[in-house]
Amino acid sequence: MQMPFEQFVDHNARALLGSAYLLTGDTHAAEDLLQDALERVFMHWSRVLDPLPYTRTVMARRVTDGWRASRRRPRQEPLIVDDHDVPVPDTTQGHAEHADMAALLRQLPPRQRAVIVLRYYEDRSEAEIAHALDCAPGTVKSQAAKALRTLRQLTDDLTEHGRAT
Amino acid sequence: MTNLEDQLRQRLRTTAERVVVPPTSPPTPTTEECDVDVDAGCSW
């Protein structure tokens, strides 16, 4: 017997919003993406066997399919981090790292970002990611390699910048 | 598993865990909902 949709959302909102945030690198876009995905999941709720990974897959696929966050919603104070494209130095180590990670993710193209999130946050195999994103396993491998290369370069730049200041 | 991959895994997890679910708030009127004649029904 499947749990009610509302209960699923209550129990998993935080975890799902975390995934959405990593996929978008932006708090507002994350909320919009999660809302969009939940609407789609709700439509198929009676047929969804494992809703948590299914919802995460819907979000990842939406991001790689060119989904864009709604621009109608008024901007609000960020819930977590600064929303600029450049990492902002912060005296609080945890928040600085958090902002840095979001900024790094925003530097990646959507497909590479999705691959990184599915591979290293959700611990999915290359085959599972290929199935989720409807692409070849070789594409997953190459996208992950490109993303890691970019992240390594950006991290080195940040480190160098940090040492210089 | 490289050091970068280990660090990435840890930082992704930490970042996701810090996300705060926004409190439920009344729906914000959209442009469409506001697109009405505010003088309609006023007789002065």
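This is a predicted model: local features need pLDDT of at least 70, side-chain atom pairs count only at pLDDT 80 or more; totals for chains, interfaces and linings use all residues.
**Helix packing and nonpolar core**

User: Why are H3(A) and H5(A) called roughly antiparallel?

Analyst: Their packing angle is about 160°, and their axes lie 8 Å apart. Angles over 145 degrees count as roughly antiparallel, under 35 as roughly parallel, 65 to 115 as roughly perpendicular and the rest as oblique; H3(A) and H5(A) are therefore roughly antiparallel. On the side of H3(A), Arg56(A), Ala60(A), Val63(A) and Thr64(A) make the contact (heavy atoms within 4.5 Å). H5(A) contributes Pro110(A), Arg111(A), Arg113(A), Ala114(A), Leu118(A) and Tyr121(A). By class, six of these residues are nonpolar, one is polar and three are charged.

User: What is the relation of H5(A) to H6(A), and how is it known?

Analyst: These two helices pack at about 135°, with axes 10 Å apart. That angle makes H5(A) oblique to H6(A). Their crossing is right-handed. Arg111(A), Ala114(A), Val115(A), Leu118(A) and Arg119(A) of H5(A) meet Glu126(A), Ile129(A), Ala132(A) and Leu133(A) of H6(A). The contact has six nonpolar, no polar and three charged residues.

User: What makes a set of residues a nonpolar core, and which residues of the largest one touch the most other members?

Analyst: The members are buried (under 20% relative accessible area with a 1.4 Å probe, protein chains only; exposed is over 50%, partly exposed in between). They are Ala, Val, Leu, Ile, Met, Phe, Trp, Tyr or Cys, joined through side-chain atoms within 4.5 Å. The largest core has 48 residues, and Leu23(A), Met59(A), Ile116(A), Leu8(B) and Leu12(B) touch the most other members. The helices that each supply at least two residues include H3(A), H5(A) and H6(A), together with H1 of chain B. H1(A) gives the most, eight residues. Beyond four places in sequence, Leu23(A) touches residues including Met59(A), Ala60(A), Val63(A), Arg113(A) and Ala114(A).

User: How many helices and strands are there in chain A?

Analyst: Chain A has seven helices and zero strands; these are DSSP runs, H or I of at least four residues for helices and E of at least two for strands. Of its 165 residues, 45% are buried.

Conventions:
Residues are numbered from 1 along each chain as its sequence is written. Chains are lettered from A and ligands numbered from 1 in the order in which they are written. Side-chain values use heavy atoms; hydrogens and water are left out. Axes are lines fitted to C-alpha atoms, for helices over the stretch in contact, and angles run from 0 to 180 degrees between N-to-C directions. Ala, Val, Leu, Ile, Met, Phe, Trp, Tyr, Cys and Pro count as nonpolar, Asp, Glu, Lys and Arg as charged, and the others, Gly among them, as polar. A crossing is left-handed if the near helix is turned anticlockwise from the far one by less than a right angle, and right-handed if clockwise.
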